[in-house]
Amino acid sequence: INANELAAQITLRDSEIFANILPKEFFRKAWTKNDKAKAAPNIFALVERFNLLSQWAMTEIVKSIELEMRVTILQRVLSIACELLQLRNYNALFAILSGINSSPVLRLKKTWAAISTKYSANIQQFSDLTNSEGNYKNYKTIVNSISTPLVPFIGVYLTSVLHIEDGIPDEIDG
């Protein structure tokens, strides 16, 4: 299966899950509770997919012993990331990049040195996009400028909800 088709299939499933998220799943940090699979099933599913995709990307890259094969796999995973960016599936894109930026993958200095130069610009673009500085300012700027459908990186929004829930008391005196 080529990178475009794989990214499309990932995006179809992610967009379905995202579209099914109900507002009540965000209340009282339902996705953090013991019964999160029941209280926030769609957020739970999207987070689980993020974790699985991140693990998959990392595992696929590091499991090969041969340098040439690792380079090929890393370039394929980067191609999938490029397709996810084109499809505006930011949740899956961030997941793939999380796997690529994991310690086991980043330690593969020879692998990184051997990748084709055509991926260098993509790597910088991904780094800029996923930079957490300014509460993901670059990511939010891009997402706010898009008028077509997209699957957002749910982690940014869950973090914001956590800060609101933790920072504002449920009850006040008076």
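Modeller: With the axes: these are lines fitted to C-alpha atoms, for helices over the stretch in contact, and angles run from 0 to 180 degrees between N-to-C directions. The model is predicted, so local features need pLDDT of at least 70 and side-chain atom pairs pLDDT 80 or more, whereas totals for chains, interfaces and linings use all residues. Residues are numbered from 1 along each chain as its sequence is written, and side-chain values use heavy atoms, without hydrogens or water.

Biologist: At what angle do the axes of helix 1 and helix 3 cross?

Modeller: Two packed helices are described by the angle between their axes and the distance between the axes. Here the axes of helix 1 and helix 3 cross at roughly 155° and come within 9 Å. The two helices are therefore roughly antiparallel (over 145 degrees; under 35 is roughly parallel, 65 to 115 roughly perpendicular, the rest oblique). Helices are DSSP runs of H or I, at least four residues, numbered from the N terminus.

Biologist: Is the crossing of helix 1 and helix 3 left-handed or right-handed?

Modeller: The crossing of helix 1 and helix 3 is left-handed, that is, the near helix is turned anticlockwise from the far one by less than a right angle; clockwise would be right-handed. Leu6, Ile10, Arg13, Asp14, Ile17 and Phe18 of helix 1 meet Asn42, Ala45, Leu46, Arg49, Leu53 and Trp56 of helix 3, a contact being heavy atoms within 4.5 Å.

Biologist: At what angle do helix 3 and helix 5 pack?

Modeller: The angle between helix 3 and helix 5 is about 40°, and their axes are 7 Å apart. Helix 3 is thus oblique to helix 5, and the crossing is right-handed. On the helix 3 side, the residues in contact include Phe50, Ala57, Met58 and Ile61; among their counterparts in helix 5 are Phe94, Ile96 and Ile100.

Biologist: How many salt bridges does the structure hold?

Modeller: Side chains of opposite charge can pair when their charged atoms come close. The structure holds three salt bridges (a side-chain nitrogen of Lys or Arg within 4 Å of a carboxyl oxygen of Asp or Glu). Asp14 and Arg49 meet at 2.4 Å, N to O. This pair links distant parts of the chain, with Asp14 in helix 1 and Arg49 in helix 3, 35 residues apart. Asp14 is buried at 2% relative accessibility, while Arg49 is partly exposed at 28%; buried means under 20%, exposed over 50%, partly exposed in between, for a 1.4 Å probe and protein chains only.

Biologist: Which side chains meet in the other bridges?

Modeller: Arg13 pairs with Glu16 at 3.1 Å. They lie about one helical turn apart, because they are three residues apart in helix 1. Lys63 pairs with Glu60, also at 3.1 Å; Lys63 is exposed at 53% and Glu60 partly exposed at 21%.

Biologist: Which residues have the most contacts inside the largest nonpolar core?

Modeller: In soluble globular proteins, nonpolar side chains tend to be buried together. A nonpolar core is a set of buried Ala, Val, Leu, Ile, Met, Phe, Trp, Tyr and Cys residues joined through side-chain atoms within 4.5 Å. The largest has 38 residues, with the most contacts at Tyr90, Leu93 and Ile96. Helix 4 gives the most to this core, ten residues. Apart from it lies another core, of nine residues, including Ala30, Ile43, Leu46 and Leu158. Residues touched by Tyr90 include Leu129, Tyr139, Ile142 and Phe153.

Key:
Lists of a residue's contacts leave out its neighbours within four places in sequence.
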